[in-house]
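Please look over the structure shown here before reading on. My notes are set out by topic.

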Amino acid sequence: MALLEIDLCSSGYSMEIDKIAQFFEGKTIFITGATGFLAKIFVEKILGIQPSVKKLFLLMRPSNSKSCSQRLYQEIIDTELFKVLREKWGASLSFLISEKVVAVPGDISCENLGIQNSPLREQMWREIDVVINSAVTTRFDERYDVAVDINVFGALHILNFAKNCVNIKVLLHISTAFVCSEEEGLASEKPFDMRETLGGVSSYLDINIQKKFVDERLRELQNENARTEAIRSAMKDLGIQRARLHGWPNTYVFTKAMGEMVLEQFKEKLKVVIVRPTIVTSTFKDPFPGWIQGVRTVDSFLVAYGKGKLKFVLGDPKSILDLIPGDMVVNCILVAIVAHADQSYDHHIYHVGSSRRNPLKFSDVHEMFYSYFIKNPGINDRGKAVRVNKGKVLSSMDSFNKYIAIRHLPFLKILKLANTLSCHHFEATYIGAKRKVNLVTRLAEIYGRYVVSKVIFDDTNTQKLQVMAEEVDAEMFNFDPRSIQWKDYLMNIHIPGAIKHLF
């Protein structure tokens, strides 16, 4: 097989590497969280660029009503994302899938990933070359017990599983750039040490102690005969409390940080690569522009704004919204796997984002949202065009809370009283007004820190990978944020795609 010489000594690289697509020929890849957004894009990309991949094992949790095989087709292969491959391969695609793709029933929160089929598990340990951990719960206010099981101990379970794979080249773990400090300045691509905190009250972290907190609180609730909803609420509160105690804003980024700590502490000689995307948005180019799955961070605002529900919003006009298309993240993952498979580097953390190389201001995003919906208004339940306005932008949580207290809470109280005195004549009006205030308040509480943040994510390591990709195939494996023209991408790709798939 022809080798491509790449001399990147000046940037810390000196390697001889196969072309990226060729590397995956005959390789077996194991992917957790297979029904997630990035995992689906990865599966489609691999089958598109290297149909001679040996095997793709996809870990899935069987649902009550669907087997994993049903989920494989209904939630992955038969989705719109694979339309380009269906057009390219026709009837041959079904044969390719049946030969190459295996749905594996399991659960990352369990030992051995919950894979009960012993012969299959042994086969996986013999054949797997690459492991990609994409399994995650991304709810910012997830139950703490659930988040710890998946984001922390799930990382440990996948690490232990990978250590049993005799031919493994690399374990790639997908994290998030927001595990870093929220302080103003440059967040570096550096790993977390076990027990490290972000300057919270506590001086160190211990995952076993965190698990102990969960178990003890659950026992207390069970002894109190707490209802399911009360347990769920208590577990959510515990997650936020523990996160803020140690310096993180929410349960999601806190548990993702601990997951990274686990990998660093126990990886031993296994090559572990951590990719940290920022706010992941719809596809930029591959397999086609504008595909998205699920309401992602920025799209919570987009959906609410397009439906006319945002009359005021939290966001510092000068803050940077660090967005990155999903297919660019996957391209970085592919290149990182190849770069580390047969090489050893001092660094193994990669921020995939845009804030350093191609910054996008909150004020620009706000203006683009407004311009789009003025020209392309949505239609409400009564068949009428939704009228949007720019609304008032509040640049801090203090100003946001004051605005709510002065402009909206008194009106809600008056409306509630009038509704009561009129025998609920204003019920619909009161409920509608309350829902709008609750929606904006919830969006601010969950995402507010990310729209007033002044953090810039360093991507020096990632740019070294991009240089390597450009030497091989710049077009096929592009993840350089400088290639994005934000106005064109948001107005002509992302917003229309989000409307098509989310509204």
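1. Basis. This is a predicted model, in which local features need pLDDT of at least 70 and side-chain atom pairs count only at pLDDT 80 or more, while totals for chains, interfaces and linings use all residues. Residues are numbered from 1 along each chain as its sequence is written, and side-chain values use heavy atoms, with hydrogens and water left out.

2. Aromatic pairs. The whole structure holds 14 aromatic pairs. Rings of Phe, Tyr and Trp (its six-membered ring) pair if their centres lie within 6.5 Å; planes under 30 degrees apart count as stacked, over 60 as edge-to-face and the rest as tilted. Phe37 and Trp291 are stacked, because their ring centres are 5.4 Å apart and their planes stand at 20 degrees. Phe37 lies in helix α2 (residues 37–49) and Trp291 in the loop between β10 (279–281) and α11, so the pair ties together parts that are 254 residues apart in sequence. Helices (H or I, at least four residues) and strands (E, at least two) are DSSP runs, numbered from the N terminus.

3. Burial of that pair. Phe37 counts as buried at 4% relative accessibility, and Trp291 counts as buried at 5%. Buried means under 20% relative accessible area, exposed over 50% and partly exposed in between (1.4 Å probe, protein chains only).

4. A second stacked pair. The ring centres of Tyr144 and Phe254 are 6.2 Å apart with planes at 10 degrees, so this pair is stacked. Tyr144 belongs to helix α7 (residues 144–163) and Phe254 to helix α10 (residues 251–266), 110 residues apart. Both residues, Tyr144 and Phe254, are buried. Ring pairs join Tyr144, Phe192, Trp248 and Phe254 into a cluster.

5. Backbone. Most residues other than glycine have a negative phi, and most peptide bonds are trans. Leu113 has a positive phi, near 60 degrees; Leu113 sits in the loop between β5 (101–105) and α6 (118–127) and is buried, with a relative accessible area of 0%. His424 has a positive phi of about 65 degrees, in the loop between α14 (397–421) and α15 (427–451). The peptide bond between Asp286 and Pro287 is cis, with omega about -5 degrees, and Pro287 lies in the loop between β10 and α11.

6. Exposed lysine. Lys269 is in the loop between α10 and β9 (272–277) and is exposed, with a relative accessible area of 85%. C-alpha to C-alpha, Lys269 and Arg357 are 33 Å apart in space, and they are 88 residues apart in sequence.
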